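Please keep the sequence and the structure in view while reading.

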Amino acid sequence: MIEQLDQLYQDALTTLETAASTAVLEAWYRDTLGRKGSVQLLTRQVGGLSPEERPAFGKRVNEVKEALQQAYDGRAEHLKLAEIEAAIARDTLDVTLPGRSTTHGNLHVATKTLREIYKIWADMGFQVFRSRDVETDEYNFELLNIPQHHPARDMWDTFHTLTPGVILRTHTSPGQIHAMRTYAPEAIRVILPGMCYRYEQITARSEIQFHQVEGLAVGKNITFADLKGTLTSFARRMFGEQRKVRFRANYFPFTEPSAEMDVECILCNGNGCNVCKHSGWLEILGCGMVHPNVFRNGGYDPEEYSGYAFGMGPERIAMLKYGIEDIRYFWGNDLRFLEQF
Ligand code: DAH
C-alpha cells in the first residue's frame, strides 16, 4: 500500500508539472487532493491493513498530502505569474505612437470685440451694468422720451411678445433708466452691453439680433466737452492713436443735443474706399447729452444733474476693424469664418 501511495505521489507530481492553466490545475486538485480524489480513496483502504502497518501508512499519507499541497501551491503561484506576464505581453502599449491632437476652441469675434471695448471703458472708470433682453414698451420707448405715436418709433422695428407691452429690446438704451433708478441720486459711469433685437429684413448690413454697448455718465457739471473728450479717447484706443474723429449733429429722442461720431476710415486711412463709400469716414456710434425728460424718469433733477450717453454696435466695429463684408457671418456658425479670429 505504501508503494502504491508513493507511486500515486510520483504520478500526481508529474501531471502537476504539465498543468498549464488554472482550469487544468483545479481539475488536478479535485482528482488528487479533493474529497473524492485519489489520495482520499487510497486512504479509505487503511481498513485492509494490519494494526501494525497502519501507523506507518497513516504517517506517510499525511506526508504525501502535505507535499502535494505544497507542490500545488507552488504551481498555482507559478501559473498566476505566467498569466500576468502573458497579459502584459498581449496588451503592450506603444507609448512612442503620436497622439491624437485636440482642436483648440477660440473666442467668437463678437466676444473678442466686446472684451476689447469693456477693457477700454474699464480703464476710464466705467463699470458694466447689465439689464434684461426682454423689456417693456415703457422702458424701451416711453421712459426714453419716445411716446406711443412718436414718429421716431419708426427707427426701431420691434419684436413683440404675446404679452401686451412686453417686447424684445430694440436697443440697450432702456438700461439707462434701470441704471439711474438703481443709483439715483449718485453719480454714474456705466457701460450697458447686451443683445438687441429688431424685426428687420436680414441683409449683409442688418441682422435681427446684434450687440450694442451703451454708455452713461451722470453727475454734476458734465458737459458736451466731456462727451467729446471721452469718446475721442475711446476711438483712439480702439482704432489707433493717430485716428481722426468727427462729430456730426443728429437726432435721438433721449438726448439733446445729439450727435453721431465718425472715425477716419481704418481701411483707406481717410483716402476713400468702398467701405467708407468714398467719404473717408466711418460712423461708429450715436451719442448726446441726456434729455431732461430721461433724467426725470430716472429719478434725477435735470436742473441739478447733467450727463451724456452713447450707443455703439460691436459687430459693426468688428466689421470695420477686420474688413468683414457681411453681418450674417456673425451668427451663421460657419467655422471657416469663426476660425479666422
Ligand atoms: N439707442 C440708439 C440706437 O439704437 C443708439 C444711441 C444713440 C444710444 C444715442 C445713445 C445715444 O445712448 O445717446 O440707434
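The second largest pocket of this predicted model has a volume of about 280 Å³. Its lining comprises 17 residues, and those nearest its centre are V275, C276, K277, L282 and R316. Two or more residues of this lining come from each of β6 (245-252), β8 and α10. Classified by type, the lining contains 7 nonpolar, 2 polar and 8 charged residues.

The largest pocket, in turn, has a volume of about 830 Å³. It is lined by 34 residues, of which R198, F210, Q212, E283 and R316 are the closest to its centre. At least two lining residues are supplied by each of β5, β7 (255-264), β8, β9 and α10 (314-322), and β8 provides the largest share, with 6 residues. The lining is made up of 14 nonpolar, 11 polar and 9 charged residues.

Where does the ligand lie? The space that the ligand takes is the largest pocket. Elements contributing two or more residues to the shell around the ligand are β5 (209-219), β8 (281-290) and β9 (306-312). This shell has 16 residues, among which H171, S173, R198, Q212 and E214 come nearest. By class, the shell divides into 6 nonpolar, 8 polar and 2 charged residues.

A polar side-chain atom of Q212 is 3.0 Å from an oxygen atom of the ligand. The backbone also takes part: a backbone N or O atom of A309 lies 3.2 Å from a ligand oxygen atom, and a polar backbone atom of F310 is 3.3 Å from an oxygen atom of the ligand. Of the 350 Å² of accessible area that the ligand has on its own, the protein covers 92%.

Terms used: Residues numbered from 1 in each chain as written. Predicted model: local features only at pLDDT ≥ 70, side-chain atom pairs only at ≥ 80, totals over all residues. Heavy atoms only, no water. Near = heavy atom within 4 Å. Polar contact = N/O pair within 3.5 Å; in protein donor to acceptor, adjacent residues only side chain to side chain. Areas by Shrake-Rupley, 256 points an atom, 1.4 Å probe, with all protein chains shown as cover. 1 Å grid on protein atoms, 1.4 Å probe; cavity = no way out; pocket = protein on both sides within 12 Å on 5 of 7 lines; lining within 4 Å. Sits in = over half its atoms within 2 Å of the grid points. Helix = DSSP H or I, 4+ residues; strand = E, 2+ residues; numbered from the N terminus. Nonpolar A, V, L, I, M, F, W, Y, C, P; charged D, E, K, R; others polar. Points joined across faces, edges and corners; volume = space filled by probe spheres on them.
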